[in-house]
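Have the model open as you read.

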Amino acid sequence: MMSVCIIGAGTAGLCCARHSIANGFETTVFELSDRIGGTWVYNEATGVVNGIDVHSSMYKNLRTNLPKEVMGFPDFEIGANEASYVRSDEICDFLNQYANHFDLKKHIKFDSYVIRVLQRKTKWQVLFKDLVTNKIEFQYFDKVLVANGHYHTPNYSQIPNMERFKGQFLHSHDFRSREVFEGKSVLVIGAGPSGMDLSNIISRTADRVTISHHLTDIGQHSFFENVQQKPDVRELDEKGAFFVDGSYQEFDTVFFCTGYKYAFPFLTVDSGIYVEDNYVQELYKQCINIRNPSMALIGLPFYVCAAQMMDIQARFIMSYYNGSNELPSTEDMLKDTRDRMGKLWAEGLRKRHAHMLGPKQIDYFTDLSQTAGVKNIKPVMTKLHNESSKCFNENLLHFREDNFAILDDETFIKLN
């Protein structure tokens, strides 16, 4: 029987386990924490605990910024709920229901920290530490699926003269509750979904919030009255920031909402995987390790219907692992990848945008579907995702009041 190692028991890892087991493979999931859920699990702790970085970036009272109707799996939807935008603990409950329905938990080694994954001839040696007993063990597997997520290693943008600033620096990864900003003047760096959302959340306790970014399509109506927008920061001094428009403001805290780095600290340099400016290489169809195809990475693309995407990625990969399909040659996989990326570079995208899909996600799903002969994601999912993203940008303060219903594979309606 083929043996499969899955690293991580969040949305991606659970989905991989479900499909690996369905294919009759001997499946083992290594999970760092004592429960499933990955990034959706709230952990009060931040920083380093017992020598290991705290994985979760979840903060108190988080509600999803996508409707639950697009957050389920193709074969297991999120159950009835009055609201489309649900709390993080409800997503955790859903993932537990999914795990119980497919009887996944007996395959999971909890409190297991993967130290190293190393190729030994035709097998992968997985070295891991049992965090309860502190024992270090290893096992061998035929295949490895890396599903450790990408919201755990903070990315800090570099600002000239950062070292001069005497106030506090904080990254959204270590943010748990808005009370920490009580009465403070806060400079938020970055206007991605978290930067915009958190600017409003912390403005309920902060004295003044300034969000610095270089986007042109964000209206002031997106924010509460004590949130103002500024262009990029030119440099910091001891007390505040000079902006590129020539203005200056003092701040108590610089709050980085600048995203995350893809990080796979357990992979060795000869694994075939490397990251350059947040572009993970070299992968066939953004998931199969071209140099070592018995390894695959799940869930890298972002601005997507994540669970739906992970499911079709898992089915795509399993179609090669179970022998239904035969992978192209190394040369053909490299050519496919480089041709696709060449089109992105020609459009002016940078390497850090390599895994960004957004409105193009349906093209990616269709490519996976047609290449491997697996069932595609329902078009309604990407249509609703696009509508929700549009509402987020146009009506940040109130978009979570919207509720949706899916009528069929192509159609959704807004209920209010």
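## Ground rules

Angles between axes under 35 degrees count as roughly parallel, over 145 as roughly antiparallel, 65 to 115 as roughly perpendicular and the rest as oblique. The axes are lines fitted to C-alpha atoms, for helices over the stretch in contact, with angles running from 0 to 180 degrees between N-to-C directions. Helices (H or I, at least four residues) and strands (E, at least two) are DSSP runs, numbered from the N terminus.

This is a predicted model, where local features need pLDDT of at least 70, side-chain atom pairs count only at pLDDT 80 or more, and totals for chains, interfaces and linings use all residues. Residues are numbered from 1 along each chain as its sequence is written, and side-chain values use heavy atoms, leaving out hydrogens and water.

## H6 against H7

Take helix H6 (residues 361–372) and helix H7 (residues 379–394): they pack at about 160°, with axes 10 Å apart. H6 and H7 are therefore roughly antiparallel.

On the H6 side, the contact (heavy atoms within 4.5 Å) uses Gln361, Ile362 and Phe365, while H7 brings Thr382, His385 and Asn386. That makes two nonpolar residues, four polar and no charged. Here Ala, Val, Leu, Ile, Met, Phe, Trp, Tyr, Cys and Pro count as nonpolar, Asp, Glu, Lys and Arg as charged, and the others, Gly among them, as polar.

## H4 against H6

Helix H4 (residues 306–321) packs on H6 at about 20°, with the axes 10 Å apart, so H4 and H6 are roughly parallel. This crossing is left-handed.

From H4, Met309, Ile312, Gln313, Phe316, Ser319 and Tyr320 meet Tyr364, Phe365, Leu368, Ser369, Thr371 and Ala372 of H6. By class, the contact has eight nonpolar, four polar and no charged residues.

## A loop valine

Valine 180 sits in the loop between strand S10 (168–171) and strand S11 (185–189).

## The whole chain

Zooming out, the protein chain has seven helices and 24 strands. Of its 416 residues, 52% are buried. Among contacts between residues at least 6 apart in sequence, 60% join residues at least 24 apart.

Definitions and conventions
Buried < 20%, exposed > 50% of the residue type's maximum accessible area, 1.4 Å probe, protein only. Left-handed = near helix turned anticlockwise from the far one by under 90°.
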